[in-house]
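I opened this notebook to keep track of what I look up in the structure. The entries follow the order in which I went through it.

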Amino acid sequence: MLEIGMSEVVLDAIDRAVVNRLQNGFPVCERPYLEAAESLGIDETDLIARLRRLLDAGVLTRFGPLVQIERAGGAFVLAAMQVPADDVERVAAIVNSRPEVAHNYLRDHRFNLWFVLAGESLERLEDASSWIEAQTGYPVVAMPKLREYFLGLRLPV
Amino acid sequence: MDRASETHNLDPIDRVLIQLTQAGLPLVPRPYHELGDTIGITGEEVMRRMQRMLDLGVIRRIAAVPNHYAIGYRANGMSVWDVPDERVDELGGAVGALPFVSHCYRRPRHLPQWPYNLFAMVHGRTRAEVAEKVSTIEALLGSECRAHDVLYSTRILKKTGLRLPA
């Protein structure tokens with residue numbers, strides 16, 4: 001579990017450049033690490049080693065294709081639950097056990113559990129949502145996106 | 001709905017490529033060739049398919065996903081707004097265009113307990129920094145905003161991203 005209190009990992013200037021650059025994209029070519037490394041002024045082996053270290057240290061949670069499953073007939077649905085504080089651990093374990101749950105955050109609000117269901121069909125997500133309601137005993141409020149205005153998350157470091 | 005209404009079926013090989021990379025792209029000099037070797041197609045075929053999925057938007061991009069907290073963005077605020085439905089697209093476009101808003105969506109209200117129809121995610125190093133950005137959104141929406149709130153995350157309980165079942 002990634003605690004909010006986790007310590008900030010110390011990054012050198014090259015690590016920062018790697019994190020910043022690779023949030024924007026990565027090439028499709030025979031030697032993509034070589035191409036990306038050259039644009040960063042480092043060598044291929046160094047880039048691969050840094051990525052492995054950044055992933056192991058939890059600075060990066062993933063490095064790879066970011067799939068927009070809606071374009072292939074699937075769906076992402078944001079869902080919220082109101083869970084008493086003393087029952088959060090049990091409910092979070094049930095919610096997280098579903099492979100359809102892509103992220104799950106605790107937030108400081110009456111609706112305190114916020115998770116994203118992602119999958120290849122809406123029916124499958126509805127099944128997961130019903131299962132979570134049955135297992136936890138609390139309603140799941142679905143907040144599917146009706147419209148996306150912008151999505152360009154980049155966090156400079 | 002915008003471009004998201006165009007959908008493309010994944011053929012079984014595309015689907016396997018997504019499954020093989022959903023935990024991460026191989027950290028080897030020729031990652032696409034390694035994927036090809038794993039499933040018995042050429043690296044060129046893998047690259048052609050990855051590029052096609054990128055072109056169609058099935059893959060948004062191939063990229064690194066940072067853990068906000070580990071890189072110092074310790075305040076993650078989901079700002080939520082109640083604005084008139086007839087103006088939400090125009091206002092959402094304006095909020096989404098603000099440089100510090102990372103995601104902006106229209107979502108359904110659930111009255112009476114959830115009156116908000118516009119969501120804008122704001123990250124910052126401190127809650128004060130997020131609050132300042134939220135007040136910029138508030139100023140932009142002006143009298144069109146009937147109510148708003150900010151939900152800060154206090155714990156990441158899971159962050160694996162999409163997983164297609166085997």
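Predicted model: local features only at pLDDT ≥ 70, side-chain atom pairs only at ≥ 80, totals over all residues.

**Entry: a residue in β5 of chain B**

I looked up Leu157(B) and found it in strand β5 of chain B. Is Leu157(B) buried or exposed? I take a residue as buried if 20 or more other C-beta atoms lie within 10 Å of its own. Leu157(B) has 23 other C-beta atoms within 10 Å, so it is buried. I also checked Leu157(B) against Glu45(B), which is 112 residues away along the chain; their C-alpha atoms are 37 Å apart.

**Entry: partners of β5(B)**

I then asked which strands pair with β5(B). Within chain B, strand β2 (residues 75-82) is joined to β5(B) by six bridges, and the two run antiparallel. One pair I noted there is Trp81(B), whose bridge partner in β5(B) is His148(B).

From the other chain, strand β4 (residues 101-107) of chain A is joined to β5(B) by five bridges, and this pair also runs antiparallel. I wrote down two of the positions: Tyr105(A) is opposite Ile156(B), and Arg107(A) has Ser153(B) as its bridge partner.

**Entry: His103(A)**

I stayed with strand β4 of chain A, where His103(A) is found. His103(A) has 20 other C-beta atoms within 10 Å and is therefore buried. Which residues does His103(A) contact, leaving aside its neighbours within four places in sequence? I found Phe115(A) and Val116(A) in chain A, together with Lys158(B) and Lys159(B) in chain B. I also looked at Leu117(A), 14 residues from His103(A) along the chain; the C-alpha atoms of these two are separated by 7.7 Å.

**Entry: β2(A) and β1(B)**

Next I looked at a second pairing across the chains. Strand β2 (residues 60-67) of chain A and β1(B) run antiparallel and are joined by seven bridges. In this pairing I find Pro65(A) opposite Ile62(B). Six of the eight residues of β2(A) are buried, so the strand is largely enclosed by the rest of the structure.

**Entry: helix packing in chain A**

I looked up helix α2 (residues 32-40) and helix α3 (residues 44-56) of chain A; their axes come within 8 Å and cross at roughly 95°. The two helices are therefore roughly perpendicular to each other. From α2(A), the residues Tyr33(A), Leu34(A), Ala36(A), Ala37(A) and Leu40(A) meet Glu44(A), Asp46(A), Leu47(A) and Ile48(A) in α3(A). I sorted the residues of this contact into seven nonpolar, no polar and two charged.

**Entry: helix packing in chain B**

Tyr32(B), His33(B), Leu35(B) and Gly36(B) in α2(B) meet Gly43(B), Glu45(B), Val46(B), Met47(B) and Met50(B) in α3(B). The residues of this contact divide into five nonpolar, three polar and one charged.

**Entry: domains**

I noted the domain assignment for both chains. Chain A is divided into domain 1 (13-56) and domain 2 (69-144), with 34 Å between their centres, taken over C-alpha atoms. Chain B has domain 1 (12-56) and domain 2 (75-152), and here 38 Å separate the centres, again over C-alpha atoms.

**Entry: a peptide bond**

Most peptide bonds are trans. The bond from Leu111(B) to Pro112(B) is cis, with omega near 5°.

How values were computed: Residues numbered from 1 in each chain as written. Chains lettered and ligands numbered in written order. Domains from an automatic or database assignment. Axes fitted to C-alpha atoms, helices over the stretch in contact; angles between N-to-C directions. Helix = DSSP H or I, 4+ residues; strand = E, 2+ residues; numbered from the N terminus. Parallel < 35°, antiparallel > 145°, perpendicular 65-115°, else oblique. Contact = placed C-beta atoms within 7 Å. Nonpolar A, V, L, I, M, F, W, Y, C, P; charged D, E, K, R; others polar. Pairing = 2+ DSSP bridges. Buried ≥ 20, exposed ≤ 12 C-beta atoms within 10 Å, placed from the backbone.
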